[in-house]
Amino acid sequence: MRQARPAARRRFVLGSVAMGAIAALGAMPAAFAADKKIVLGFSQIGAESEWRTANSASIKSAAKESGIDLKFADAQQKQENQIKALRAFIAQKVDVIALSPVVETGWGTVLREAKAAGIPVILTDRTVQETDTTLWATFMGSDFVEEGRRAAKWLTDKVKSRPAGKEIRIVELQGTVGAAPALDRKKGFEEGIKADPRLKIVRSQTGDFSRAKGKEVMEAFLKAEGRNIDVLYAHNDDMAIGAIQAIEEAGLKPAKDILIISIDGVKGAFQAMVAGKLNVTVECSPLLGPQLMQTVKDLKAGKTVPRRIVTEEGVFPVEVAAQELPKRKY
Ligand code: AHR
């Protein structure tokens, strides 16, 4: 992630906006000033996964607790809906816009419109590919490349003692085409397995981060590869859970005949591990609500916010699943 130039940072501290607001408040009755809520427009991707549902819930409840007026728009996986939502937020003159972009590219025009309107944008969960990094104030969320590396590390440790020269055949269920977590998790994983020539990705296809698609694509992998699959790497838990069903229906034992690695750490993954059907999940926390609301308040108060806020996460193998499951918040 590129570092922001100081000038870019200053653009979003809202110093002059805040000063103007304070001046205007002088003429208002005190009760109204205290009651005036910050308005946040949030464009969510959709509801494709357990992760996404937990993310929406976290944002809605944090907004309520923080007294922020949240305008929540569900884009149903479509970038065009997200662009429409952003334009509606701009027309409504919201104070801050938060965006979880479904794909990385194609945001320049609408982000420039927000900037021209003086509305700061926070990227949450996923980032965008734009050369002008002054188009957003901060990006908060996970390091997806690192998640891919962690998944690879678990695998390379796991197969360390297997015979040299014997190919280990991996199938990969990718996330949504063009989405930051799909691109980055692939990159991090490939980087992590590179040093072991036995590890080969033999098939790789999108399962769009959903259970139904994960199952469908895994069925196709099994049909094409038969019993020649040693490992499944799924870019999220939902696709892994769908694939587990396909593996069982094919008469194979998930997590035994085929090692299964996935990402997110949702309750469903822990339940699958406790049932002995998944080997490991790499955590990706959706609980971004409180941090988002704090950042909205900081921006509105004229404070400088960090350009990148990275979520702290862990790795949970099957051995710790039963002990961790009751503690999971999503
Ligand atoms: O952007 C985060 C990813 O999106 C999660 O891993 C996945 O489950 C979700 O749909």
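Strand E1 (residues 39–44) and strand E3 (residues 96–99) run parallel and are joined by 4 bridges; strands (E, at least two residues) and helices (H or I, at least four) are DSSP runs, numbered from the N terminus. Within this pairing, Leu40 stands opposite Val96 in E3. The structure is a predicted model, in which local features need pLDDT of at least 70 and side-chain atom pairs count only at pLDDT 80 or more, while totals for chains, interfaces and linings use all residues. Residues are numbered from 1 along each chain as its sequence is written, and side-chain values use heavy atoms, with hydrogens and water left out.

An open sheet is formed by 6 strands in the order E2-E1-E3-E4-E5-E11, with parallel pairing; two strands pair if DSSP finds at least two bridges between them. Strand E2 (69–74) and strand E11 (308–310) stand at the edges, each with a single partner strand, so one side of each has no neighbour in the sheet. From one strand to the next, the twist averages 20°. Helix H5 packs on the sheet, touching E1, E2 and E3, and its direction makes about 170° with that of E1. Axes are lines fitted to C-alpha atoms, for helices over the stretch in contact, and angles run from 0 to 180 degrees between N-to-C directions.

Helix H5 (residues 79–91) contains Ile83. Ile83 counts as buried because its relative accessibility is 17%; buried means under 20% relative accessible area, exposed over 50%, and partly exposed in between (1.4 Å probe, protein chains only). When residues up to four places away in sequence are not counted, Ile83 touches Gly106, Trp107 and Val110, contact meaning heavy atoms within 4.5 Å. Ile83 and Trp107 are 24 residues apart in sequence, and their C-alpha atoms are 7.9 Å apart in space.

The whole structure holds 29 salt bridges, each defined as a side-chain nitrogen of Lys or Arg within 4 Å of a carboxyl oxygen of Asp or Glu. In one of them, the closest N and O atoms of Arg203 and Glu225 are 2.7 Å apart. Arg203 lies in strand E7 (residues 199–206) and Glu225 in helix H9 (residues 211–225), so this pair ties together parts that are 22 residues apart in sequence. Arg203 is partly exposed at 35% relative accessibility, whereas Glu225 is buried at 10%. A further salt bridge joins Lys215 to Glu249, with 3.2 Å between the closest N and O atoms. Salt bridges that share partners connect Glu167, Arg169, Lys200, Arg203 and Glu225 into one network.
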